[in-house]
Amino acid sequence: MSRWFSVRVLEARHQLLFMQQSSMSGIVVGHLVPLDDTLKQDTSLPKLPLSQGPNTIGRANIPLSDKRLSRKHLTLTASTDGFATLYVEGSNPVVVKSGEQRKKLTSSEHVSIANGDIIELIPGHHFFKYVTLPQKRPSSHESTKEDVNPKKMRREVEPEHEEGGNCEEAIRNFRVSSDKLPLTYQLLQVQGLPAWANTSCVSIRDVIQGDIVVAILSNYMVDIDWLLPEIGAPVPLTSLLPNGSAKDNPLNMNQMRDGVNSPKLDFFHRGCHCSNLERRKPANWIFHKPPLPIAYGTHHSKAMLLVYLQGVRIIVHTANLIYVDWNNKTQGLWMQDFPWKDLNNPSKGCGFETDLVDYLSALKWPEFSANIPALGNFKINPSFFRKFDYSSSAVRLIASVPGYHTGPNLKKWGHMKLRTVLEESIFEKEFQKSPLIYQFSSLGSLDEKWMAELKCSMSSGLSEDKRPLGIGEPLIIWPTVEDVRCSLEGYAAGNAIPSPHKNVDKEFLKKYWAKWKASHTGRCRAMPHIKTFLRYNGQKLAWFLLTSANLSKAAWGTLQKNNSQLMVRSYEVCVL
């Protein structure tokens with residue numbers, strides 16, 4: 001009887017809290033339901049109502065005597081769409097169990113949770129299930145100006161602990177106008193994420209579409225059996241067995257059959273012998289392996305050039321042409337469409353055009369011909385791509401090409417090309433000595449001398465008063481073992497985040513390490529195969545680079561012979 005009475009008192013107390021919270025936010029979106037050790041509801045404890053916006057959880061409102069619980073143990077910022085942000089306020093860790101995955105969070109870490117996720121206030125103890133309520137949309141006569149005021153709604157859902165508001169709410173409502181979308185970087189869609197996390201994200205079918213006349217595809221790994229159905233190629237799968245040479249070979253260029261609306265694919269695929277692929281390939285396919293003059297180099301560039309009757313679409317991206325890369329990992333791309341120049345009166349070129357043609361020339365592909373309806377026959381070679389107007393380009397192309405580069409070629413490739421472009425750029429004063437981010441998926445064998453060399457290139461640029469920006473200190477963002485274990489793919493995700501232990505466990509690298517966190521895009525558990533480098537100050541960017549290049553000398557190049565020669569092993573392509 002006394003236990004029943006105490007529970008009723010607690011329920012009354014929580015009903016009071018419920019009314020206080022409701023009066024502040026106006027919307028109750030769910031409950032924290034207490035569970036016992038068997039994960040069934042514990043009826044000896046009351047359910048804790050959650051209102052829209054920040055909810056403080058701790059000893060102050062949960063009747064538990066465990067001193068490991070802080071009075072303000074965590075904050076749950078709940079919204080009406082069924083998701084919430086959990087932020088750890090106290091000094092002890094909190095565990096979130098979503099499906100079969102358990103994620104441990106330490107102080108100041110946060111994660112997005114959904115209906116049915118289980119929270120362990122202390123790892124292995126004090127289980128609570130996050131349960132959402134169906135929300136009734138108010139009728140027009142029930143709404144008031146205060147209810148629909150977007151500024152008020154934004155204030156209600158912003159967690160008090162985060163500067164700049166709730167990033168997750170911002171991304172859920174993020175939209176890019178159709179006229180601006182072709183000029184933006186985009187993430188690839190990830191299966192298993194809530195709809196808001198795939199806002200403005202793309203699939204391969206969003207990229208390779210329409211009546212393509214000529215297609216050039218460059219990559220590192222290709223799965224033909226997956227690729228052809230995805231892009232709708234009409235060639236029977238039985239004639240396209242997965243063939244190719246080693247993994248460093250590219251998926252390269254293609255010309256379509258006349259009058260057939262599908263790309264002519266040119267690629268290499270690791271697994272079988274290249275001679276077999278040559279025997280089985282359709283007649284309109286061309287295969288090419290760019291020269292690799294230096295040992296241990298690879299063709300690692302990931303790009304597409306799709307020629308249409310209206311112009312050319314250029315895509316630089318980070319995904320291999322395989323299922324897991326386009327569905328399970330954090331990946332990015334840049335894509336822009338460019339019209340044909342007036343063929344009778346071609347306009348002057350620009351920096352992007354020069355960058356592109358220089359890079360395509362280095363690939364040394366065999367020239368081939370293509371008939372483009374209404375325009376005539378063309379020889380498809382690097383100079384062909386001067387026929388398009390890139391004056392609206394929103395980026396510069398930064399590429400790496402293997403070789404020993406000296407003289408005028410010293411500043412043409414790799415990190416020296418990046419240095420040259422940044423040296424010609426003017427930035428706001430706030431970016432003087434501002435930090436750098438290196439984010440990638442594979443770590444090479446590095447040393448302090450080379451890290452200083454790369455840092456010098458990435459710190460280039462002038463401020464508005466013409467003074468050098470100065471050296472910025474980098475942070476290296478790379479997933480931990482725990483991140484991989486709790487990822488969408490589990491430990492299998494580690495296959496795409498490789499590095500020998502001896503490369504990782506170097507003493508001088510310890511000062512650079514930073515955590516992989518992507519809560520605002522819902523991608524904490526989608527392991528990054530994306531590669532990004534940038535310079536920032538707070539939430540502002542001086543510049544941003546999306547690239548196929550990992551953090552390695554092979555990808556970026558290393559200066560030799562008293563800085564008069566740049567040695568590069570691999571092909572890479574980036575957009576700045």
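I started with N563, which is partly exposed at a relative accessible area of 48%. The cut-offs I use are under 20% relative accessible area for buried, over 50% for exposed and partly exposed in between, with a 1.4 Å probe and protein chains only. N563 sits in the loop between β29 (558-560) and β30 (565-568). Its phi is near 65 degrees, a positive value in a residue that is not glycine. Strands here are DSSP runs of E with at least two residues, helices are runs of H or I with at least four, and both are numbered from the N terminus.

I then looked up L39, where phi is also near 65 degrees, positive in a residue other than glycine. L39 is in the loop between β1 (28-35) and β2 (48-51), and it is partly exposed, with a relative accessible area of 36%.

**Ground rules**

This is a predicted model, so I note that local features need pLDDT of at least 70 and side-chain atom pairs count only at pLDDT 80 or more, while totals for chains, interfaces and linings use all residues. Residues are numbered from 1 along each chain as its sequence is written, and side-chain values use heavy atoms, with hydrogens and water left out.

**Whole protein**

I get 14 helices and 31 strands. Of the 576 residues, 53% count as buried. The protein exposes about 26400 Å², and carbon and sulfur atoms supply 53% of that; the areas come from the Shrake-Rupley method with a 1.4 Å probe, and for residues only the protein chains shown count as cover. Among contacts (heavy atoms within 4.5 Å) with a separation of 6 or more, 68% are between residues 24 or more positions apart.

**Aromatic pairs**

How many aromatic pairs does the structure hold? I find 17. Rings of Phe, Tyr and Trp (its six-membered ring) pair if their centres lie within 6.5 Å; planes under 30 degrees apart are stacked, over 60 edge-to-face, and the rest tilted.

F83 and W196 have ring centres 6.4 Å apart and planes at 80 degrees, so I log the pair as edge-to-face. F83 is in strand β5 (residues 83-88) and W196 in the loop between β11 (185-187) and α5 (204-207), so the pair ties together parts 113 residues apart in sequence. F83 and W196 are buried.

W334 and F352 make a tilted pair, at 5.9 Å centre to centre and 55 degrees between the planes. Strand β17 (residues 332-339) holds W334 and helix α9 (residues 351-363) holds F352, so this pair links parts 18 residues apart in sequence. Both W334 and F352 are buried.

I also noted one aromatic cluster, formed by W340, F378, F384, F385 and F388.

**D325**

D325 lies in helix α8 (residues 323-327). Leaving out residues up to four places away in sequence, D325 touches L188, A319, N320, Q331 and H529.

**Strands**

For pairing I need at least two DSSP bridges between two strands. β23 (residues 436-439) and β25 (residues 474-477) pair in the parallel sense over four bridges, with I437 opposite L475 in β25. β25 also runs parallel to β26 (residues 513-514), joined by two bridges; there I477 has A514 as its bridge partner.

β20 (residues 397-400) runs antiparallel to β31 (residues 572-575) over four bridges, and L397 stands opposite V575 in β31. In a regular strand the side chains alternate between the two faces of the sheet. From β20, L397 and A399 point one way and I398 and S400 the other, and all are buried.

V95, in strand β6 (residues 94-98), is buried at a relative accessible area of 2%. V95 and L121 are 26 residues apart in sequence but 6.7 Å apart in space, C-alpha to C-alpha. Beyond four places in sequence, the contacts of V95 include R102, I118 and P123.

Last entry: nine of the ten residues of helix α10 (residues 414-423) are buried, so it is largely enclosed by the rest of the structure. Among the buried ones are H415, K417 and R419.
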